[in-house]
Amino acid sequence: MPEATVATRASEATSGRTVQQVDVAVVGAGFAGLYLLHRLRKAGFATVVLDEANDVGGTWYWNRYPGARCDIQTVDYSYTFDPELESAWTWSEKYATQPEILRYLGFVADRYDLRRDIRFGTRVKEATWDEAAERWLLATDNGANVSCRFYIMATGCLSAPKPPEIAGVGDFRGEVYFTGRWPHQEVNLVGKRVAVIGTGSSGIQAIPLIAEQAAHLTVFQRTPNFALPAHNGPAPSDRVAMLEGNRAGYREQARWSLAGVPWPQQTAVSWQLSDAERRERFEKAWATGDLVCILTQLWADQGVDVDGNALVAQLIREKIRAIVTDPETAAALSPYDHPFGAKRPCLDTNYYATYNRPNVTLVNLRQEPIKAITAFGITTSKRSFDLDVIVFATGFDAMTGAIMAVHPITGRGGKPLSSVWAEGPQTYLGLTVAGFPNLFMITGPGSPSVLSNMIVSIEQHADWVVDRLTAMREAGFTTIEATERAQAGWAQHMADCSTLTLHRLANTWYTGANVPGKAQGVMPYTGGVGPYRAICNEVASRGLLGFKLTGPNVPEQCNDGEIVRLQPDVRLVLNMLADMKLPEIESLGAAGARAFVTMFNAGRPAGRPVGEVVDGTLPGTDGPLRYRLYRPATAGPHPIVVYFHGGGWVLGDEQSDEPFCRDMCRRSGMIFVSVGYRHAPEHRFPTAAEDGYAATRWVAEHAAELGGTPGPVLVAGWSAGANIAAVTCQLARDRGGPPIAGQLLLCPVTDATFDRRSYIDNATGYFLTRPLMYWFWDLYCSPADRTDPRVSPLRGKLEGLPPAFVVTCEFDPLRDEGVAYAEALRVAGVPVEQLKARGHIHTSFTMVDVVITGVAGRARMADALRRFAGLPQDMGKREGAGSDRNASPPEAIAAAE
Ligand code: NA7
């Protein structure tokens with residue numbers, strides 16, 4: 001940035017109006033703007049901050065309504081960039097009031113002498129990218145316009161209040177207040193008839209205090225919300241001790257946590273806990289009075305699975321009924337329309353108990369909608385309320401509103417941001433937008449923002465941006481712009497992340513549903529603060545992946561690409577495994593590898609309950625083979641699926657794919673018989689294939705004894721087990737039975753050829769590696785045998801085989817041979833359906849309850865099995881597969897023919 005200046009300069013524009021020349025202009029003097037100014041100034045960038053307000057504070061400047069407080073504990077809701085600042089300030093309460101937070105921000109502004117570069121009372125009316133000058137021009141409503149190289153929106157996520165959208169607001173002759181624009185002078189509500197419209201965080205904080213003053217308070221509620229007691233008071237000694245015991249460590253843990261507050265990751269899932277254990281955990285969290293605690297510490301599936309979530313919601317509704325004495329009011333206050341946490345839950349002080357007061361009335365707008373606001377009050381479809389005051393706690397045009405609604409922003413080629421975002425916000429990392437060079441957003445849509453401790457996210461964003469600007473200056477670059485490809489990749493990753501959590505299942509300001517006509521979609525990044533930070537760091541370390549950089553005296557740089565192509569939870573699993581520095585399985589020898597797999601499996605979730613699990617033996621060709629049978633809880637008889645586990649013909653046993661078998665048994669409503677076929681190197685080719693065939697034959701002949709439906713069986717398998725399943729179908733066709741109704745092949749080994757693209761692209765790094773596959777092949781099958789269709793079924797005759805459902809995973813060495821098998825089946829006239837699972841690895845679908853994004857794929861596999869067996873299709877949705885209901889399926893490539 002050759003023209004970087006230390007002090008801002010003023011110049012005359014052609015219009016004659018003074019233009020303030022700076023390196024960086026920041027809009028907003030809240031938490032984000034203040035920290036940015038501090039950092040930019042230290043880095044030597046001439047910076048101006050513009051804010052419509054008359055002082056610092058941002059959202060805390062405007063939201064002055066009674067009861068306004070933060071809902072993240074103040075030990076966490078603080079800047080962390082300067083340990084001296086941390087020791088210089090002590091919060092008086094666990095959750096600070098708005099005035100105290102404002103005092104804190106004033107203290108910070110004074111301590112770092114920030115106010116001298118902030119233009120208060122100055123609204124930006126328009127921002128336009130000047131293509132020729134490569135600068136942003138900001139028109140202001142007060143004083144000089146601003147010309148800047150970089151423009152940073154630090155406008156917060158909730159700063160554009162939503163209009164009330166109720167007819168007649170202008171007719172009301174009493175007093176009208178908006179929580180988001182509360183007057184600076186005291187509002188006296190004593191002895192007045194007051195209405196509050198809205199029961200989000202603001203309404204829920206304000207209502208108990210307004211009720212104490214008002215002669216009568218009428219609350220108009222459209223949607224009940226979950227509220228939890230804040231138990232406010234002094235900062236809890238355990239959290240303070242944690243922080244003070246190791247301040248740096250505590251802060252670092254927060255930065256890498258899911259929500260920006262250090263709480264451990266829960267591993268126990270709801271169905272592993274007894275009712276009593278769940279209640280104990282819940283009561284403890286309820287008593288803690290901490291949103292992040294109750295949102296993350298009960299059980300691991302509460303935020304990702306509707307069944308696990310419903311258990312929390314039920315316990316909270318019990319609390320509401322226990323507090324609110326009138327059952328009808330309690331019922332109206334009990335949320336049923338959204339999962340707990342999918343809409344921002346609230347922290348309250350005496351909220352529910354307020355409805356026991358004689359001077360408080362709850363009006364349920366679902367039963368009697370507001371018809372109009374009149375000169376004297378509010379009329380619903382059933383009655384009229386005479387009022388002196390109406391308080392609108394009706395929320396904000398969140399996230400995009402804060403950026404788009406504040407002023408027109410025009411980027412490259414004269415394109416307005418409002419048209420680029422007409423169908424919803426498009427960003428790269430929530431930080432930048434393609435077509436808008438040198439524009440940054442702090443905690444913008446597409447970043448963790450409102451799903452995190454905002455201060456942690458603000459510091460991360462501000463640091464990332466300032467570090468990039470500094471590096472650009474050193475390298476001689478003057479513009480930076482996200483590429484369309486990177487932005488589209490981020491949209492895909494955002495969509496993948498949003499299938500992980502339950503936020504997509506509620507109509508909220510997270511999704512834009514609170515603003516009529518606004519495009520719908522989960523706007524904050526749901527993948528977590530720590531993973532997001534890792535991604536931003538990776539973008540930087542990979543040569544600013546997805547950004548184009550230009551400068552007057554340097555060649556253009558553009559390292560284009562998508563930063564995350566794996567499913568988000570798969571990425572987490574792989575990172576975790578990489579951190580564990582596990583040995584290469586093939587280096588352990590067969591016995592060592594088996595011991596390793598047993599140890600590895602011991603640490604995984606056990607699998608959900610099924611009706612019955614029965615161990616038995618069946619006669620194989622050379623002696624008994626063990627099997628494990630999983631029976632659904634529903635009344636039988638059920639169709640039987642003969643299942644072959646994965647493990648490269650070397651590893652595993654009839655129990656090693658237990659979570660997968662249980663899950664598929666529940667989803668499909670079918671018996672799964674997992675067969676303990678014999679392994680190499682003790683038993684080489686064709687033992688596993690022959691055992692598979694023999695077991696299938698025996699199961700088919702004994703279906704009734706096993707509680708199964710007599711008639712054709714189905715076969716299924718994963719990896720080498722899918723190889724056995726495919727081979728079994730060929731042998732059954734050629735050897736006169738048994739009849740097989742369908743085959744489910746999950747990541748099958750189908751051909752001893754190792755030069756397909758997927759073997760090359762995915763050779764290492766995705767759990768199943770090429771060296772490991774070589775080792776499996778060597779132990780099982782000598783080179784001379786490898787073209788035998790009993791190990792390379794792709795080389796066999798494919799006509800006349802049962803219908804198939806073939807699953808392949810994008811990042812799997814076996815992907816292309818699975819695809820080849822599906823295509824060859826189709827050519828041979830076999831009905832085949834293919835699921836090409838984008839962003840998945842070889843183990844994605846068998847890591848049940850770990851890789852959550854595998855759920856939708858397993859639901860499709862279960863549907864296919866039911867279809868093959870001639871059963872109705874809705875079973876998986878009825879029985880224990882709650883999370884499927886709204887999960888979008890992975891990419892389906894070829895429909896069944
Ligand atoms: P919220 O959470 O968006 O709450 C707004 C409330 O107002 C909510 O209960 C709405 O019901 C209700 N509302 C909105 N428009 C209307 C109309 N037209 N009629 C009746 N009721 C209406 O905003 P807050 O200010 O409380 O909190 C915002 C965030 O700030 C909060 O989550 C914290 O993160 C801090 P709805 O649910 O839409 O049916």
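1. A helix crossing is called right-handed if the near helix is turned clockwise from the far one by less than a right angle, and left-handed if anticlockwise. In this predicted model, helices H20 and H26 give you a right-handed crossing to look at.

2. To find that pair, go to residues 658-668 for H20 and residues 855-868 for H26; their axes come within 9 Å and cross at roughly 55°. H20 and H26 are therefore oblique to each other.

3. Which residues of H20 and H26 meet? From H20 come Phe660, Asp663, Met664, Arg667 and Ser668, and from H26 come Val855, Arg858, Ala859, Met861, Ala862, Leu865 and Arg866. Sorted by class, this contact of H20 with H26 has seven nonpolar, four charged and one polar residue.

4. Now for a sheet. Five strands make up an open sheet with parallel pairing, and their order is S8-S17-S9-S10-S13. Strand S8 (175-178) and strand S13 (360-364) are at the edges with a single partner strand each, so one side of each has no neighbour in the sheet. On average, neighbouring strands here are turned by 20° against each other, direction ignored.

5. Within that sheet, have a look at strand S9 (residues 193-197) and strand S17 (residues 389-392): they run parallel and are joined by four bridges. Opposite Ile390 in S17 you will find Ala195.

6. Finally, what lies across S9, S10, S13 and S17? Helix H5 (residues 201-213) does, and H5 runs at about 155° to S10, the strand at 216-221.

How values were computed:
Residues are numbered from 1 along each chain as its sequence is written. This is a predicted model: local features need pLDDT of at least 70, side-chain atom pairs count only at pLDDT 80 or more; totals for chains, interfaces and linings use all residues. Side-chain values use heavy atoms; hydrogens and water are left out. Axes are lines fitted to C-alpha atoms, for helices over the stretch in contact, and angles run from 0 to 180 degrees between N-to-C directions. Helices (H or I, at least four residues) and strands (E, at least two) are DSSP runs, numbered from the N terminus. Angles under 35 degrees count as roughly parallel, over 145 as roughly antiparallel, 65 to 115 as roughly perpendicular and the rest as oblique. Contact means heavy atoms within 4.5 Å. Ala, Val, Leu, Ile, Met, Phe, Trp, Tyr, Cys and Pro count as nonpolar, Asp, Glu, Lys and Arg as charged, and the others, Gly among them, as polar. Two strands pair if DSSP finds at least two bridges between them.
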